[in-house]
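Work through the exercises below with the sequence and the model side by side. Try each task before reading its solution.

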Amino acid sequence: TLTGDELLRIGEIHDHQHHFPETLTYYQLALFTFRENKQARGVATALVKIAQVYERQGKIHEAYMALQEALPIFARSPDRTAHAWALLVMGRVSSRLGYLENARASFSQAVTLFDRVKDRHGWNESSVQLGLLDVGDGLTEQGLSLLQQAWKDAGRSSRKRKP
């Protein structure tokens, strides 16, 4: 009998190989296992992974439903990084569904959480997504400002990594 974490890892292997039916099978088995063992963080993690597969398959509504279940669990969890990444995915999915206010709120919350946990990659990605949403929604100055901040931060981050 495999644990939920082991099932997630097997699903991730299939995910990297773009074997989506197998990926979803293992993620759903992990979800079932986590629920059976009352492991809330595992449930939320599996739901986000399922949502990401649905997003790549263009099943945006299914992704949205999985994220709606996962986000309240992460909000109660001390793992702010995982919560921020789930918010980023929710922002992308909400945007694709045309739920622009939900997307804006999700991206904004993700930016804040990534800043708190000092995750520059996540902060940049969330800032870019929020900036693009703002520009597309007619908030040009606000959006361009965010995009410029992310660009500058990305430049600083890449210089720090070089030997």
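The model is predicted, so local features need pLDDT of at least 70, side-chain atom pairs count only at pLDDT 80 or more, and totals for chains, interfaces and linings use all residues. Residues are numbered from 1 along each chain as its sequence is written, and side-chain values use heavy atoms, with hydrogens and water left out.

**Exercise 1. The pocket**

Task: Find the residues that line the largest pocket, and state its volume.

Solution: 
- Step 1. Start with the term. On a 1 Å grid over the protein atoms alone, a pocket is an open set of points where a 1.4 Å probe fits, with protein on both sides within 12 Å along at least five of seven lines; lining residues have an atom within 4 Å of a point.
- Step 2. Read off the volume. The largest pocket has about 180 Å³, where volume means the space filled by probe spheres set on the points, and grid points are joined across faces, edges and corners.
- Step 3. List the lining. It consists of Arg41, Thr45, Val48, Lys49, Gln52, Phe74, Ala82, Trp85, Leu88, Val89, Arg92 and Glu125.
- Step 4. Look for helices, which are DSSP runs (H or I, at least four residues) numbered from the N terminus. α3 (40-57) and α5 (80-97) each give at least two residues to this lining.
- Step 5. Sort by type. The lining holds 6 nonpolar, 2 polar and 4 charged residues. Here Ala, Val, Leu, Ile, Met, Phe, Trp, Tyr, Cys and Pro count as nonpolar, Asp, Glu, Lys and Arg as charged, and the others, Gly among them, as polar.

**Exercise 2. The core**

Task: Which residues have the most contacts inside the largest nonpolar core?

Solution: 
- Step 1. Define the core: buried Ala, Val, Leu, Ile, Met, Phe, Trp, Tyr and Cys residues joined through side-chain atoms within 4.5 Å. Buried means under 20% relative accessible area, exposed over 50%, and partly exposed in between (1.4 Å probe, protein chains only).
- Step 2. The largest core has 45 residues, and Leu67 and Val93 have the most contacts inside it.
- Step 3. Zoom in on Val93. Beyond four places in sequence, Val93 touches Glu55, Ile60, Ala63, Tyr64 and Leu67; contact means heavy atoms within 4.5 Å.

**Exercise 3. Salt bridges**

Solution: 
- Step 1. Recall the idea. Side chains of opposite charge can pair when their charged atoms come close.
- Step 2. Apply the rule: a side-chain nitrogen of Lys or Arg within 4 Å of a carboxyl oxygen of Asp or Glu. The count is 11 salt bridges.
- Step 3. Take Lys49 and Glu12, whose closest N and O atoms are 2.6 Å apart. Lys49 is buried because its relative accessibility is 19%, while Glu12 is partly exposed at 25%.
- Step 4. Take Glu69 and Arg35, with 2.1 Å between the closest N and O atoms.
- Step 5. Take Glu55 and Arg92, 2.8 Å from N to O.
- Step 6. Find the network: salt bridges link Glu101, Arg104, Asp134 and Asp137.

**Exercise 4. Positive phi**

Task: Where do His18 and Lys118 lie?

Solution: 
- Step 1. His18 is in the loop between α1 and α2. Its phi is positive, near 60°, and it is not a glycine.
- Step 2. Lys118 is in the loop between α6 and α7. Its phi is also positive, about 60°.
- Step 3. Check accessibility. His18 is exposed at 57%, and Lys118 is exposed at 67%.
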